[in-house]
Every structure is written in C-alpha cells, then in structure tokens.
Amino acid sequence: MRIRKGWVLIGIIFLLFVVGCTIYSRTFYQWNLPKVEIMAPRSGTLLLGQYDVRSVSKKEEGSGGFTHSTQILLPLTVNYFYVDDEAEVTLTGIRNSTRKGRVTSITNTKENLVLTIGFHAENFADGESVDVSIMKETIPLSNIMPKSALHEDDKGAYLFVVTKEQGTWGREYVVRRMDATVWASTEQEFSVSSTIEYPVVFASDSKLADGQQVRFYP
Amino acid sequence: MNKFLKFILVIIITMGSLTGCSFEAKNDELYNSKLEEITVHLNKYGESVDELIKSPQNGNNSTQKELATDSTDSGLIGTLRISVMWPDHETNLIAVAAKKFQALYPEVKIQIQFHDDVLKYQAQTSVELMSNTAADIIDFFYIPYERYAAAGLLADLYPLMNADDSFHKEDYFVNVFEAFEDSQNGLFAVPLSFIFNSVSMRQDFMKSFDAEFENRGGISYQQMLDLYVRAQAGMEDENLYMSEFASATSWFEFEWDNLVDTRNKKVYMNTPEFLSNLEKIKRIKLTENVTQTKDGPGVIGSGYFIRDEIFKRNPAVLFVLNSSIEENIQTLLPFHDMIYSKPIPILSDGMPTMYAPFVLGITNTCQNKELAWKFLSYCMAERALPVKEVDTNSFLFRLGFPINKQNFRKLVQAVANDTLSKGGVAGYSFSGNRTAVIEESMAQVEKWCGMKGKVMQMDLNLFLDLIYPDLYQFLIGKQTAEQTAARIQTKTEIYLNE
Amino acid sequence: MNVTIRSRNKKKYREWVLWLLLLPSLMGMLIFYLLPFFLSMYYAMIDNVVSRRFVGLQNFIDTFRNLSFQRALKNTAFFILVGVPLNLICSFIIASLLKKMTKLKGFFGLIFLIPMIIPAGAVVFVWKSIFDVNGILNWVLYSVGLPMKNWLESEWVLGIVIIIFLWKNIGIGMILFWTGLNRIPKTYYEVARVEGGSAMRQFFNITLVYIMPTGFVAALLSIINSFKIFKEVFLLFGNYPSEWVYLLQHYMNNQFLAANAQKLSASAGIISAFIVSVLFFFFRSQRKLSEHFS
Amino acid sequence: MIKRKNMIKRKNMIKRKTWQGGLLYISIMALALLTLLPIVLLVTNSLMSGREIVSRYSMDITVFNVLNTEYIKAGDAPFHFVEMTFLPDYITFYQYFKLFFKSPEYLRLFWNSVILCVPIVVGQCIISVPAAYAFERLQWKYKEHLFFIYIIVMLMPTQVLLVPHYLLAEMVTLPPYLAIILPGIFSPLGIFLLRQQLKGFPHECLEAAQVDGAAHGNILYHIVLPNMKPSVAVLVMITFADYWNIVDQAIVFIKNVFDEPMSIALSKVMQNDTGMFFAMACFYIVPIVVLFMACRDYISQELSFVGVKN
C-alpha cells in the first residue's frame, strides 16, 4: 500500500515541461513576434484625375449664360466628372488670361466622353485655340492610405489595424482584420468609407492573420 | 528537493518578465504617437466638413451650447454604479456622458464596470440582482429585463420621470416610451435609441405583384414570405433571393408574439399554418455575401450605395432590410434611378415593430434613484455630437435613432448630408436644392418615427436553446415539419411554465 | 480521592482539546454552508427581494404546482429509480465476474475506475458523436438496414443519460462489491455446498444477505453521484433539453439565470427535503440491519 | 479402470473450466474495452490535424453557429456519417506544438486551474483530518445528528449556495479566487470520507494510548494518521477532480477572461477552434490521471472499509 513512485515522477516531469513552456512563452515567443510598420491614415483629398487638353473655343450663347464654350474629349473610363464642375480655360500662349469655366453638359460617344465647358471671356475671338485644364478631387476625406495597406481575399477587401488589447499577461498589441469598402482609390493611394480609429499596418515582415500578436519595427 | 525546484522557478519567471517589459516601453510610446496623430486628423477633418454642414444649416445652431441644467438641483451628491455591456471607448455614450456629468456635478462619483462576454454578463447580473449587490443602472443588452421586472427587481421610471420637472416630455419620442410599457403600463426600461424595422422592395416586382405596400402603412413578415413564395413560383429560373435578414431566425423573431401568448402561458406552434410556414421558410434563398473587388480607380460606393449597384447586377433580391440609419435615409432621398422602394415598416399584428439596441434600467436596490434618473436623463438629453465623422456618432447611439428629438435631427441631418455628398461622388445625381431635400427627408423620417410601435425583444440565447436545434435538423432535411413543430411546442411550453 | 478528581478534570481537559480540533471545520461549515442554507430558505419565504414581504410556504406551493417543476421532478425521479439500481446490479455482476478471475484482476479493476476521474467536458464530444443523428449508432443501424432515429431528441434520451451515468459510476460500485464479496468467509460456502444446496440457493441466502451493508453504501454513493450527471446533460443539451431529460437542476439553473431567487431557493428547499428523507430512511434501515446481523 | 474414468471426468472438468474461463475473460475484456473507448478515442483523435477533424465530424458540432446561413444552401447536405477511427489517416503533432508553444493563453489558464485547486486540496486535508479524528473521539449526545447535518449540507446543489457566497464575498470584499477557495476548503465532503474510514478503527488501542499519557496531538500524529493515509489519498483525488472541472462558481466570480480556469476554456475552444479541442482535452486530463495512477492502490483498499461494521 504505497504511492506509485513511477507515476509521481511522470507527474513532476509533466509539470516541469509546462513550466518550461510558460517561460518560453514569456521570453523567446515575445522576442520573435512578427514585426509590422504602422501609420496614421492621412486626411486630405485624393486626386482622382487631372486632364490638360487643347481645344477650340466657340462664341455663342451657350446654356447657363456663358459667352463662350468649348468641348474636350476624355476616355470613357473617366466617370467622376459632373455638371457644375470647375475648369480653367486659358488662351494658348498668353499668360494670365485664364478664365473660370463650368461644365455645362456631359455626353458620350462610342469611344470617348464629351465635356462641354462654358466660360465668360469678352476678348476671346471665335475659333481661338484654348488650353482647358480640369481636375477632380474627392471631397476632403479622413483616411487616405498607401495601396500597400490594402489586402484582399475571397471575402472582400480588408485592412490590418493594430489595437492594444488585454492579453494573457497584461496588455499587448494585436492585429485585427477590418473589412473595408474601398471608397475612392488611385494607383498609389486609396480611401475607405468607414472611420479608422487605430493605426493601420502598411508593411510587415511576415504574413499576418487576424488576432495575431505583433511588435513594431524600430 | 522541491524547495530547490521552487527557487529555480521564481528566478526564471522574474528574469522572463524583466526582459519582456523593456520591449514594452519602446512599443508603447511609438503606438501612442501614432494614436495622437489619428485623433488630430479626425478633429482637423471634423472642422473642414463642419462648414459643409453649417453653411446650409438654418435656425437654431445650438450644437455648441452645453445643456446647462437649471441650477436649482446643482447640489447633487452621491455615488452611482453602472454596469455596461460595451467596451470603454469613445463611442460608448455612457462613458462619455459620465465624464461630462462628473465635470458638471463635482460631488457625484460614477463607477462604470465594462463587460464584453454576453454569457458571463448575464450570469453576473443575475447573481448581483439576487444578492442585492447589483449596480444602480444596468445595460439590458441580451438581458431578459421583462423577467427581472416581473420578479420586482427593477424600479418603475414613470414616477421618477414625472417628478423630474427639468425633463420635458415633448423633447422626446413619447410613443417609444409607451411601446416599452409592460402590462400594468409601468416603464421599467428606458431606450436611449431605437430603430423601426423597415424593408425596401424592388420597385419592378412591386408593380408586377400590385404589392403597393407603401401606402398600406406597412407589411407583415407573413405577407413578405407569401409574396416571396408567389414570386419565386412565377420566376422560371428560381434565382429570386432575399437579403441575409430573412433567414429562418427572423420568422420566429417577427412572429413571436402571434405564436406565444406569455400572459396565459399558451403556445400555438403545432397549428397547420405553422407547418405551412415552416415549409415556406425552407424555400427562402439567401444572397451570398457579395464581394466588391478593389480593382479600377474611382470605384465608389459605401454601404448603402454599394447595395444598389451590386443588387442591380444580382438577378433579383426581393426584400432588403434597412438595418441602420443610413439605409433608412438613403432610400428616402430623391435619387432618380433607385431600384428600391421607400422604406416600408414591418408590422407584427398591425403594429409597426421596433428594435431597441440601447436600453437602460434602474434597479430597485439603488438608494439614490433621483440621482440615477438625473444621470439617465442627462444621457438622453441633447448633446453636442463631438466628432463630425458620422460613423462614430451613430455608434454612440449603437446605430439607432436617438430618442431625443434635437439629437435625432442633428444625427439625421449629418447622415443625410454625408449620404448626399457621397452620393454625389458616387454618380447618383439629383436635382433641386440640397438643404430643401435634407429638410424634407428629415420631416418624413421624423413623422415616420413618431408612429405607435411595438418592441421586438427576441432573446437570442433563448432562441439558441429552444428553437434552433430542431429548426436546424428540419432545414437540413433530417426531420419532418410535424416532428419539428411538436418538439418546439413542448420546449416552449416548458420555458413558459417555468 | 484527589486521584479521581485529577482523572475527571484530566478527562474534562481532553474533551476541550478535541473541541479545539473540531472548531475550524465546524466554523467553516457554519459560515459557508449552514448559514447560506438558512439564508436561501429565508429567500424562499419572502415574495420578492426588495419588498421582503413574508409569504411563508406560498413559494413552495407555487413551485409544486408549477408544470415544468413537476415534469423535472418526474424525470429526475425516473432517472434515479432506474439508474441507481441498474448501477448496483451491473457493478455487482462485474465484481462477481472479477472475483472468479485469477490473473489480471487488478488491471481490469483499474480500467473500470478510470471513467470516475475523467472530466465531463472532455468526453461529452465522444457521446455526442456516438448518439447524434449522423453518429456511429445510426451508422450501424443504417448499415444493418434498420430505420435510423434521432436518438438525442427521441424518448430514449433518458436511456442515453443512464448509460453515461453507468459508464462513470460502475467503477466505485464494483470496488465496493468486490471487497464486500472477499469479506464473506469461505467457510459459509463450504457448509452450504456440503448441505447439497444448489448454486442458486447458495447465492440467495449467503451472498445476498452478507453483501447488504456494502450494498447500502454503494447505493448512497451512486445517489450522491446521480446529482453530478447534470454537467454532462448540460454540455450535451444546453439550458432547455427535450422534455424527457429536463432535470431538476435545469429548472434551478434557468431560475438562477432569470434572477428569480424565490423559485430557486424554494425548489432547493424541496430537493433538500427529499434528500433528508432518503438519507434518514437509509441510516435507520442500515442501523437496524447491522444490529440484526451482528 | 476407475483411475481412467476419474481421469476422463477430471479432463472434461478441466476442459469445462477452461472453456468457461475463456468466456469469462472475453466478456470482461469486452466490457473493459467499452469503458476505455471514449478515452482511447480522445487520445488518438488528438493526433489528427484540424482539417481532418472537421471533415470527419462535420455534423453540427456547435449549436451556436445560428446566424450563418450556409446551412440553408446546403439544404440537400449529403447524409454524412461521423467516421470515427482509432488511427487517423495523417498523424501530426501540430496541435500539441501549437498548444504548448504558439498559444500562451492556454498555459496561463492551466496555471489558473492549478492555483485554484492546490490550495483547496491542501486546505481540505489540513482542516478535515483533525476534525474527523475529533469527531470520532468526542462523546457527545448529538454527535450523530451533527454528522447527519454534515451529509445533508454536502448534498446541497451549487446554484443555491452561489448567491449567498456571492453576497458574502461582496460584504467582505474577498478577491475572486479566495471566494472560490474558502468554501472549497471547508466543504464537508472531507469529514464524511475520513470519518467513514475511522469507523473501522478499533477504539481500544486509542484508549490504551490515552491511558499511558499521550496527548491528543501525538495520538493523532503517531497512530491515527498513518492508517488514515488511504482515505486522505481518496479525499485528495475526489476534491482535485471536483475543483479541476469547476464551472458555475468560476463563471460568476471571476471577471477577467484570462483568470478563468481551464474547464471553461474547454467548451469555448470546441466552438472556435475544434482542431485544438482534442489536444487541449488531453492536456486537461493528464494531471488527474497522473494523480489517480499514483495513489490507485489506496482507492481499492480504502473504499472497501466504507460502512462495514467493525
């Protein structure tokens, strides 16, 4: 009638193994966590498109009370210009003769988009060649980020956001996947419709997954 | 021997934690710097958009005026304990209001306990209530507050409301208070925000099935189901969809009051109509989660617009639930080529149904009920919406319409403005003056929110235990409708008789 | 004379030390178990936690009249009346089988004891995958050609709960009966065989009679363990199981979640009354039987 | 001649005995296998990879995926039986690796359980051993009634005691762990078990020790304790098993998710990471099995004394 020494030994070895794992998880595991670079999304406007076209101005009672009007052709993919958008019209070659013009109507032919711009100009002759520059910026946006921050999988476009959460041993930094609908985007940057209150990950040394603990680069 | 073991263990753990925290310091200050940057941007962005809203705005621009309660009862003292089922965050209205309230009344001390696990929150609240050590104000998120009120654990709020003369009833949606009254019309839980369940239907289907529900005051879930089945029978290729909200769970959520009579403990679930409805639920086809790829510059469409574009491409989605404020307002604004109808309220036996995401109550064991009511009315009262970014404001009210009429107007206006500006960029043109459009849509929403409604309080935990196991077996075809109906009937009877 | 005085107060002195040894456990039991019991009985007597109106036995009467409580009582009673005797019979059979074996007796005894210590959370998954609609049992029936059945929702579900109860509690019963059987001296059996009694008569008037005291203790232990089965049933079926397996603890757990202290403590009071009566009957009959035999 | 007939009788007697013995062994072996089936399954399945587990047990393992609408599209789900095997197709230790090296929270939960159980077991022994001895030696009219109260209180359901314990913890502001440990230490189970053991203990030698001047303390220490060791071992094991899978008290008293013992995390793991469930269940069972194996001799020896008249 005695306690089995063999099993007591197994028990001690098991406990030491778990102690070892706990120490590993507190030291080595923390040191080589994936490293990420975070940034605060900048606010401002996104330049959707900028076009400088030379065309011919016509003198006539254009709609909307403008003295002159001109037409410019743009590629069909451009879909962000609307009536009442502003444009600058300058006589080719003559400095400080720019006039403020407005888009009066938008029609499209088979290959391209036709924008007619009306503007006031007393001393422009009919048939003068003018340089029209029109650009479209989005309304001021609160979160603009580089394209490298955007990821995509079968469930849709998403970002990685770093939050400080209550971890196993006190507070730790965790990467969270945030689904986002891309609101406006250009080649380098894009903006998202929802508010982003946490720093966004735009570069990381290994593939990230939701709920993963991370450390910062420097 | 084990003394030696313990000695090694202590050394290793201390050494480990020491190295751990040195890294911590560097991480912290980098993370905090980035965090400040963000808040600075948000505020700067806030001012820039402010002109947009302020310029066309008319009349009483009282957002900045802090609600100065009259000085008579400034002598408030005491402590308040509040337990909230929402993390401590700037979108947590109670946390924000508590800070301001304490600034206003320095002697008042407010302790808030934040929870995030629903099961634990329910267990702890019931133990605290039973042992009379409950917090003074409790957040009824997933909490069966009718049963607590029936057990006499909650305080009736009407006497407090009438006694407090600084609380003018006409500033609030009184019809929503009435919807929350219990059988002896005592008010045991006050909603800080509410949403009327409404649905939009495809206009072309509406004409073909002469389902002019708009001017019939609303549609019941049963009518929607029958219409869907009829439409599906009409379509040859059978790919008529309903949006995610119409899964089998919502049948029980909307028709719970007809199926269960809680007062005299009757359950009508093995009736022939119930069986035929079970068959109908089985035929609903739900939209997969449609993805929006990121290619192509300028693809624009946030929440409510994206649905229009996507569902244009989808063969046919008959009904779409307007679950947030944006969706309700978007369908009201006069964009021309909208394929979905104006919001139609969902009825449950003739009464428009309402869902309250943000409900608070005062416990009977609270010593200083006046102070608790003062704080509650302060949370409900008109407040300056701190950040112009619409999302954070609507989260403050947990995506519901605020119960205070001024807050309601401010939020709806901000949302309408945001919708119009985003709509403009997203290629939805509309004619007419922007402010007139906003005013008109706001009046429409306010009239609509003034309806006399009924609160849909379906406790999801209850549904998980009572109905889901058998419903799931039925939906994957392992159980006939009769068996399922019989089983759900007996289980619900047990629940009612408890 | 003074010798007697000294010995008497020495006895008095010894008594005091014994009380000192008993004190911590007594105090602990009072503070953490007896007072809470009386507090919960007080809760059962008042009608609601705030107004504290004394109501007397009204809550108990309501609980008795409550339909769900009656159903729960019926199920629990059925479970105990079928489960405990079945457990005694099975462990007795296994114990007698083991008695006949020569080699490997300790090894098999050990195997039957292991389920007692396995926690419910780990094994409930195995029970679910055996008895579920598309589980092993249905697969066997399907391959044999018999009609399949949703066992976890059918009227046989209490049988499944009893199987789990047996699986967990056969070990203890077997050990008790095994040592009880060893305790019966061999001589009684020789005498019975000499008188030419058949195996059956031998069994009835010797083994059965002498095993009775151990039988009592085994029955008491399995009744105590029958209350622990709630953990498995809760993990398998959740708060509202089908009506055949709705036990008393389910009723109490749901009242607990609905923060209804009155119904909770009233039902607890009723259960304790049942336990007290069963125990009282047990101890009285055990004391009577042991006088009869010694 | 007679010898041959006896020989034949004895031979078929032996034949009959071996035939019956064989049947006995087979039946016991079958019963033992049935009892061990769940545990063996648990261990072998823990070697399976997460994907294989989900594909094998694709039945609705969790009740809680209520709002995912896939099940409706899979309305015509093929009738898929659970394929339970003892040998997984592809043996991998990845779960164990992930459990021990990749997820520090489960280790923390393990230590929470240990911190919760060890004080209770130690406290229980320190309190119950002297109390049981004192109970046995005390000559007091109402001793049996007091013991009867101990047994009734032992059988009280936990939900009832939860509310008063919470009230007590609130009044005396006990930290959550202490609010679970203190009621655990003073549970009457210990005294019930130890007293049963002492019932079989001859009083005469105790009186003899007392006569030749031994104080209670060293009587307890030198005579009673050595042969109470078996029942103490049983008490340790039962209490450890009880408080190792504690659920109700832990949910109510412990507020922070990472302070909870492992028993609660087990059901959560089943929902969100089924692959890890088996590995964690094995990790969870090891301490109790080791404890049981270590003092299993005491179990069989001690329980036999329970209730037998001396």
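1. The area buried between chain D and chain C comes to about 8200 Å², with carbon and sulfur atoms giving 83% of that figure; buried area here is the accessible area (1.4 Å probe) that two parts lose on being put together, summed over both. The contact draws on 92 residues from chain D and 83 residues from chain C, where contact means heavy atoms within 4.5 Å.

2. This is a predicted model, in which local features need pLDDT of at least 70 and side-chain atom pairs count only at pLDDT 80 or more, while totals for chains, interfaces and linings use all residues. Residues are numbered from 1 along each chain as its sequence is written, chains are lettered from A and ligands numbered from 1 in the order in which they are written, and side-chain values use heavy atoms, with hydrogens and water left out.

3. Across the interface of chain D and chain C there are 0 salt bridges, a salt bridge being a side-chain nitrogen of Lys or Arg within 4 Å of a carboxyl oxygen of Asp or Glu. The same interface has 5 residue pairs in polar contact, both residues at pLDDT 80 or more; a polar contact is a pair of N or O atoms within 3.5 Å, where within protein one must be able to donate a hydrogen and the other to accept it, and residues adjacent in sequence count only if both atoms are side-chain atoms. On the side of chain D that touches chain C, helix 1 (residues 2–45) of chain D gives the most, with 15 residues, helices being DSSP runs (H or I, at least four residues) numbered from the N terminus.

4. Between chain D and chain A the buried area is about 2200 Å², of which carbon and sulfur atoms give 73%, and the contact takes 21 residues from chain D and 22 residues from chain A. The count of salt bridges between chain D and chain A is 0, and that of residue pairs in polar contact, both at pLDDT 80 or more, is 4. Helix 4 (94–102), helix 5 (104–137), helix 15 (274–294) and helix 16 (296–305) of chain D each supply at least two residues of the side of chain D that touches chain A.

5. Within chain C, Asn75(C) lies in helix 3 (residues 67–100) and counts as buried because its relative accessibility is 6%, the cut-off for buried being under 20% relative accessible area (1.4 Å probe, protein chains only). A polar atom of the Asn75(C) side chain lies 3.2 Å from the backbone oxygen of Trp244(C), and one lies 3.1 Å from the backbone oxygen of Tyr246(C).

Definitions and conventions:
Buried means under 20% relative accessible area, exposed over 50%, partly exposed in between (1.4 Å probe, protein chains only).
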